[in-house]
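Work through the exercises below with the structure open. Each task is followed by a solution in steps.

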Amino acid sequence: MENFFAQRREQLAALAGLRRPAREIPAREAPEDLFLQCPGCGTGSPRSRLRENEYVCPHCGHHLRISAPRRMRMIFDGGVWRELDRGLAAGDPLEFPGYRKKLEELRRTTGLEDAAVAGVGRIGGIRTVAAALDGRFLMGSMGTAVGEKITRAVEYATRSRLPVVIFSSSGGARMQEGIFSLMQMAKTAGALERHGREGLLYISCLCHPTTGGVTASFASLGDVILAEPGALIGFAGPRVIRQTIGQELPEGFQRAEFLQDHGFVDHIVNRRQLRETLALLLRLHGGKEG
């Protein structure tokens, strides 16, 4: 029996010498698009988990930027809404170099005609008009199409005697359209003034970032002004102001929390509680289900 085992060991040793060296198999890496890195804390999270959490980082609470269509689905009951003025698109009134080509490229990559989306649906059962700016489209800047879409949405709400909710996320007026862009500040403000004169509610929701001509017009005119946590809100950016006045700015200057402390923002709302908060405000201001 001992001879048997000795022979067997010899055979196995011989076979071991004939074996090819083990091939190193590289670890399979997860595709990058399955994970997103939080800009706030740098932690990566599965995209599916972020989607379930309304793109709020589960580790630090940072609110990641989201598209305008996603925001609309998020606030309307069941994600159901009817889009208004879908085909409204900007031209190139100043024939700004490269602008037309850039618009065509962004329309192809985002599926949007311009940086604003507007629609009508129900929030907490209350029929409401809403609009949102999309930062993927030239930083959500306001050109003629954006100003016209916001104005038409407000005028639709006025005719239908409905409340309005607008989500601002913008770099300001669109420089490629010059004075035509700046005119949208007065136009949107005028539409909201007429809406308010009819005793109708306008809720402004400030998201990151809300700056420039958008802040100086419709974003600041809400009967109630809400903001997402940590949102940058202001006219000129902190760096420009610091260089202009030659002074250091207070900590957290132009962030939503700073502006709430100084009376500009009424309330800061986590995105996951936003639809519930909007529904409550609509009910408190006389909104009726139907």
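**Exercise 1.** Which residues is Glu177 in contact with, leaving aside its neighbours within four places in sequence?

Solution. 
- Contact means heavy atoms within 4.5 Å.
- By that rule, Glu177 is in contact with Ala90, Gly91, Pro93, Leu94, Tyr99, Gly143 and Thr144.
- The side chain of Glu177 also makes a polar contact with that of Tyr99, at 2.5 Å. A polar contact is a pair of N or O atoms within 3.5 Å; within protein, one must be able to donate a hydrogen and the other to accept it, and residues adjacent in sequence count only if both atoms are side-chain atoms.

The model is predicted: local features need pLDDT of at least 70, side-chain atom pairs count only at pLDDT 80 or more, and totals for chains, interfaces and linings use all residues. Residues are numbered from 1 along each chain as its sequence is written, and side-chain values use heavy atoms, with hydrogens and water left out.

**Exercise 2.** Is Glu177 buried or exposed?

Solution. 
- Find Glu177 in the loop between E6 and helix H6 (178–197). Helices (H or I, at least four residues) and strands (E, at least two) are DSSP runs, numbered from the N terminus.
- Buried means under 20% relative accessible area, exposed over 50%, and partly exposed in between (1.4 Å probe, protein chains only).
- Glu177 has 0% relative accessibility, so it counts as buried.

**Exercise 3.** Why is helix H3 described as largely enclosed by the rest of the structure?

Solution. 
- Helix H3 spans residues 68–75, and six of its eight residues are buried, so the rest of the structure largely encloses it.
- The buried residues are Ala68, Pro69, Arg71, Met72, Met74 and Ile75.
- Their cover includes E3, strand E4 (116–123), strand E5 (126–133) and helix H10 (274–284).

**Exercise 4.** Take Ile75 and find what it touches.

Solution. 
- Beyond residues up to four places away in sequence, Ile75 touches Arg122, Ile123, Ala130, Phe167, Leu274, Arg275 and Leu278.
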